[in-house]
Number of protein chains: 2
Amino acid sequence: MDVTPEDVIAAHKRIQDGVHCTPVLCSQRLNAQFGVELYFKCENLQKVGAFKARGALNAVRQLTPAQRHHGVITHSSGNHAQALARAARLSGLNATVVMPSNAPANKKAAVLGYGARVIECEPTLVAREHTTQALMREGQQTLIHPYDDPLVIAGQGTAAWEFIEQCPNLEALIVPVGGGGLMAGTALAVLAARANIAVIGAEPVGAADAHAGFTLGVRQTGLTATTIADGLRGELSPRTFALMQAHVADIYTVSEAAIWQAMGLILNTLKLVVEPSAAVALASLVGRTLPYRRVGIILSGGNVDPTLWSGLSVS
Amino acid sequence: MDVTPEDVIAAHKRIQDGVHCTPVLCSQRLNAQFGVELYFKCENLQKVGAFKARGALNAVRQLTPAQRHHGVITHSSGNHAQALARAARLSGLNATVVMPSNAPANKKAAVLGYGARVIECEPTLVAREHTTQALMREGQQTLIHPYDDPLVIAGQGTAAWEFIEQCPNLEALIVPVGGGGLMAGTALAVLAARANIAVIGAEPVGAADAHAGFTLGVRQTGLTATTIADGLRGELSPRTFALMQAHVADIYTVSEAAIWQAMGLILNTLKLVVEPSAAVALASLVGRTLPYRRVGIILSGGNVDPTLWSGLSVS
């Protein structure tokens, strides 16, 4: 593997002055409801509102002087875009973010607020990649991929590394799966800590390429993703797929109804705002009996699309 | 005074194994928006979802054996009811809560969930007090008032005591004011810490008895309260009024629009759920230039009426 458990420990030392050590919360009410002891790592309270601040900072802080001179680039409309823009500003270098023209105005504003340049393109994957390549030919920026990057994966793993320090007796760790960067980093963190913790991925049934690949033993690509959890619509890369096969205990799938229910429980009981993607790990416990007693859940982010509130019915 | 700064320190030692030391959060975005350094003490993440867990536990833990035998009583439909029910259960004694018959079902369920007895009465103050007195004649329970009680005030002050330990250089502390228990306890905590911190109360213009009393030098009673901040509709008692006069630097009033705006900012930026009463302290900064640079805000609670989400428009 090109990313190792030791890389997570090194990333932790490299970025800890630039990210929050986020708190871990518990709720006796949720423990009673689900019949397990739950521990919630609040990455929604992280810088830029998501764990993505970790991986981007870890990658940016390892650039060579020549790379720093040309700056960084990514194509994303999600939390990685803000995370990369912030990491670049902290390190005093330029960032370019290629975004689809139909990206929400608040996401574009957030990236601009961190001082990055935003280049709009047609809302297709082909256009995003084409635009990014054209910019890189001209400006020689370094591409920082949202998840298919060893430095990014090691950085995302620092959330679980902290979590294991904060809660030494966890038996399982459940994390949401989109492209698999958080899941892969979490698995490496568990190895680094030499802990006996089962790492489990959770994803929407409407974007279940990881589950299908896990079950079939073959990476799935090109599936159509339909879910409110917009951060989990991506698919595993060969790198994150291999790490899943090697180190992950199971992949749970969850319904859209369970995602909404979990968001409501987190709002109502933990008093935390989480985005739908972050609710998926708790949603995976709805209607499921776990073979673990002490279960850690990474609440991956809190950047909620403002239009979503009106659809929320919390009871 | 019948409650002293030393009582806050004693309360801190007495209850710290039964409440959370809640985290303090910051947001560079909010700092930029308001032009000050803001520190948010997250009592919405406290047990029962509010600082009220502190005062109730401090009072219950000082009952005599005879008082414990007969249990405790209060009349409240708010967070104090849950806090007292929880404190009684922790201490293994009975609690009775007199609630108006029109109290929200979820609030009643929460109190019952902590094992307390709920007695319903007509939704008038006279009926609540009459019912409570009748129950006390029969059962000899000890009344634990939501704020007009030295032990409760000292307990509420432990939030600020912790806050000052967590953020040693605060110049001002802004807290919401209803009956004045949190404000009085906060002022005593500042005295106990021998800190040079201005204590400021914030209340809705629609329930501004503290502001009027502060300005006129005479406690105001019987004013009509009209505000979404249901936790702040009460009025100061002679005890909390006297503590305000002695130790509080100012009372800020805020509009209903500012309360909604602050709730949205806290949801969107801090990723925290707070009840309207808890948003009032931040709301007091809207359109106001402060003579302080490092400002602490106590986010007093997170128990949001579920019907409120539909009215919320977050931008």
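Domain bounds, the starting point today, come from an automatic or database domain assignment. With that in mind, chain A is divided into domain 1, covering 5–51 + 149–311, and domain 2, covering 53–143.

A word on what you are looking at, everyone: this is a predicted model, where local features need pLDDT of at least 70, side-chain atom pairs count only at pLDDT 80 or more, and totals for chains, interfaces and linings use all residues. Residues are numbered from 1 along each chain as its sequence is written, while chains are lettered from A and ligands numbered from 1 in the order in which they are written.

Back to those two domains. The centres of domain 1 and domain 2 of chain A, taken over C-alpha atoms, are separated by 24 Å. Their contact draws 26 residues from domain 1 of chain A and 17 residues from domain 2 of chain A; two residues are in contact if their C-beta atoms, placed from the backbone, lie within 7 Å. Which elements give two or more residues to the domain 1 side? They are helix H1 (5–15) and helix H8 (150–166) of chain A. Helices here are DSSP runs of H or I with at least four residues, strands are runs of E with at least two, and both are numbered from the N terminus. H8(A) gives the most to that side, with eight residues. By class, the domain 1 side of chain A holds 12 nonpolar, 10 polar and four charged residues. For that count, Ala, Val, Leu, Ile, Met, Phe, Trp, Tyr, Cys and Pro are nonpolar, Asp, Glu, Lys and Arg are charged, and the others, Gly among them, are polar.

Now please turn to chain B, starting with a sheet. Four strands form an open sheet in the order S5-S4-S3-S6 of chain B, with parallel pairing; two strands pair if DSSP finds at least two bridges between them. At the edges sit strand S5 (117–121) and strand S6 (142–143) of chain B, each pairing on one side only. Strand S3 (residues 72–75) of chain B is joined to S6(B) by two bridges, in the parallel sense, and B:Ile73 stands opposite B:Leu143 in S6(B). Helix H7 (residues 125–139) of chain B packs on this sheet, touching S3, strand S4 (95–100), S5 and S6 of chain B. The direction of H7(B) makes about 170° with that of S3(B). Axes are lines fitted to C-alpha atoms, for helices over the stretch in contact, and angles run from 0 to 180 degrees between N-to-C directions.

Next, a pair of helices. The axes of helix H1 (residues 5–15) and helix H3 (residues 52–60) of chain B come within 10 Å and cross at roughly 90°. H1(B) and H3(B) are therefore roughly perpendicular to each other, a label for angles of 65 to 115 degrees. B:Ala11, B:Arg14 and B:Ile15 of H1(B) meet B:Arg54, B:Leu57 and B:Asn58 of H3(B).

Most residues other than glycine have a negative phi. B:Val48, though not a glycine, has a positive phi of about 55°, and this residue lies in the loop between strand S2 (37–42) and H3 of chain B. Is B:Val48 buried or exposed? With 26 C-beta neighbours inside 10 Å, B:Val48 counts as buried; the cut-off is 20 or more other C-beta atoms within 10 Å, with C-beta atoms placed from the backbone. B:Lys271 also has a positive phi, near 65°, and lies in the loop between helix H12 (256–270) and helix H13 (276–283) of chain B. B:Lys271 counts as buried, with 27 C-beta neighbours inside 10 Å.

Technical notes:
Parallel < 35°, antiparallel > 145°, perpendicular 65-115°, else oblique. Buried ≥ 20, exposed ≤ 12 C-beta atoms within 10 Å, placed from the backbone.
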